[in-house]
Amino acid sequence: MESPMIRTPRSLLVCERSSFCDENNRVSSQVEQLHFNYKVSVLLSDCSSAPSHLESLLTSFSHFYLVRNLPLHELLDKQFLETAVYQGNVYGLSYRTRLDEDNCVALMPNGHLVLSLDKDSFQVLGFEGKTSTFNYKTKNRYVVTVDLTDGSMAPGRQAYLRLLTGLTSRLPLQMDFLLSHHPGGGASLQALLSRYIWSEHKPEVGTCSLTHLPCPDLQSCDPHGLLEWLGAVDANISRDNSSSSFLSSLVCPEPKRTVSRALRISICGLLLPHDVQRLIQELRCYLGQCQPESWVSLTVHGFVDSPVSWGGKEHGVLRGGENFYTLFIFHDHTYHLHLAAGAQDTCPP
Amino acid sequence: MRRDEEKGEAAVFQRVVLKNASPYHYMKVCLVLEDESTKLSAVELKQFIITGLKTLYGEVGAALNFDLLKYDEDTFTAVLRVYSKWLVKLWSSLTLNGFYQNQACAFRVLQVSPFLLALSGNSRELQLD
């Protein structure tokens with residue numbers, strides 16, 4: 001049996017290889033299933049400045065809203081349900097709430113409201129829920145999942161009134177909330193925003209040109225070495241360490257080649273899967289016009305404190321809450337997709 | 001002939017699930033010193049951590065290999081890489097390391113992950129104020 005001194009929490013890395021030419025490729029559905037994205041990082045090889053189409057696409061990412069001290073019962077408001085939730089494609093996530101300490105809330109685009117509550121809050125709320133999948137010895141985390149589009153949760157129905165009473169009088173939770181929706185989706189958040197202090201934000205875009213980038217052989221490098229190399233590029237960590245260096249022995253995996261120039265782009269905010277899909281399509285178009293040895297990598301990080309991860313499955317934070325995926329796209333339409341999840345996650349799709 | 005060519009061009013789908021396969025763990029840590037004007041170089045920080053390992057785990061602990069991947073001298077924030085089997089020993093020695101040159105200090109462990117990529121995508125750093 002493994003000693004506790006060398007044991008580490010479980011982590012999962014799913015590595016898929018296929019081609020966009022294959023009709024059964026699942027990239028699109030996998031991208032769609034990670035609802036709450038915090039950061040997208042793009043690395044373009046053999047590129048020194050962003051092409052104009054790509055730049056205009058990055059600036060057209062959906063804006064999102066931060067609502068201060070939003071009482072949770074407002075998400076059950078009849079007008080909000082009719083003008084936003086029932087229209088679909090509305091994304092909401094509590095801001096600055098830590099999943100391992102506080103109560104966290106997510107509103108999914110299919111109208112499911114997910115409340116991740118500590119034991120006291122759950123007992124005070126008095127609504128059906130279940131214990132967290134990731135409770136170990138003590139049951140101290142509960143998840144309440146409500147389908148707001150279901151008939152039983154229509155305004156006036158018994159279940160709706162019970163939850164509304166719970167959030168209004170028994171557990172009047174208030175928290176800062178991030179909201180976003182597809183611009184052309186038909187949903188309107190104005191009714192809700194007009195009643196509280198809110199601010200509109202657009203995703204923050206940053207670019208950085210890199211020169212003489214040592215790069216491993218993307219086809220043959222092992223997945224963990226590849227992700228470590230990409231993480232070092234993303235974090236500006238030096239990979240030119242000699243074997244006698246005292247500080248670090250991190251080097252680029254062999255065999256390697258030097259890419260004369262590369263462009264690193266990052267976008268941060270509440271990012272929607274719809275925008276990520278458009279970005280992937282644009283990157284594929286861009287790659288079609290490049291040299292055969294060019295490639296593009298796209299990394300999408302999910303929110304650490306989101307109560308749900310891929311496909312609405314429960315997500316938790318143990319020592320870390322990583323849930324991200326990295327897509328390497330090549331000139332010949334093949335791709336490598338790596339999906340990473342931590343200890344309190346189910347296996348990525 | 002065309003049928004054979006079509007078969008030859010068919011994409012191969014491959015899916016592999018790796019569990020606990022990362023050889024390394026990565027830590028983002030921050031050193032908080034009593035005297036904030038103290039200067040500390042990367043070499044001094046690494047030596048300080050090695051001293052802490054030696055204090056807690058002896059010579060065997062001091063021989064434990066870890067890498068100081070990145071260090072910011074202004075904020076005393078560092079990214080460390082260590083073999084997964086030695087994570088607990090390194091982390092515990094950072095926790096119990098309380099004095100630097102006769103002044104009180106503390107290591108704050110900001111993030112730990114088996115993926116270095118996760119350290120640059122931490123949504124808890126999102127500031128919208």
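Author: A residue counts as buried when its relative accessible area is under 20%, as exposed when that area is over 50%, and as partly exposed in between, the area being calculated with a 1.4 Å probe on the protein chains only. This is a predicted model, in which local features need pLDDT of at least 70 and side-chain atom pairs count only at pLDDT 80 or more, although totals for chains, interfaces and linings use all residues. Residues are numbered from 1 along each chain as its sequence is written, chains are lettered from A and ligands numbered from 1 in the order in which they are written, and side-chain values use heavy atoms, with hydrogens and water left out.

A search of the whole structure gives 14 salt bridges over all chains, each being a side-chain nitrogen of Lys or Arg within 4 Å of a carboxyl oxygen of Asp or Glu.

Among them is the pair of R195(A) and D77(A), whose side chains meet with 3.5 Å from N to O. These partners come from distant parts of the chain, 118 residues apart: R195(A) sits in the loop between helix 6 (190-193) and strand 10 (198-201) of chain A, while D77(A) sits in the loop between strand 3 (64-71) and helix 3 (78-85) of chain A. Helices (H or I, at least four residues) and strands (E, at least two) are DSSP runs, numbered from the N terminus. R195(A) counts as partly exposed because its relative accessibility is 37%, and D77(A) is also put in the partly exposed class, because its value is 24%.

Another salt bridge joins R124(B) to D100(A), with the closest N and O atoms 3.0 Å apart. This pair crosses between chains, leading from R124(B), in the segment after strand 6 of chain B, to D100(A), in the loop between strand 4 (90-94) and strand 5 (104-107) of chain A. With a relative accessibility of 21%, R124(B) counts as partly exposed, and D100(A), at 36%, counts as partly exposed too.

Within chain B, K54(B) forms a salt bridge with E59(B), and here the closest N and O atoms are 3.2 Å apart. K54(B) has a relative accessibility of 42% and is therefore partly exposed, whereas E59(B), with a relative accessible area of 57%, is exposed.

Finally, salt bridges can also be joined up into a network, and one such network links E16(A), R26(A) and R15(B).
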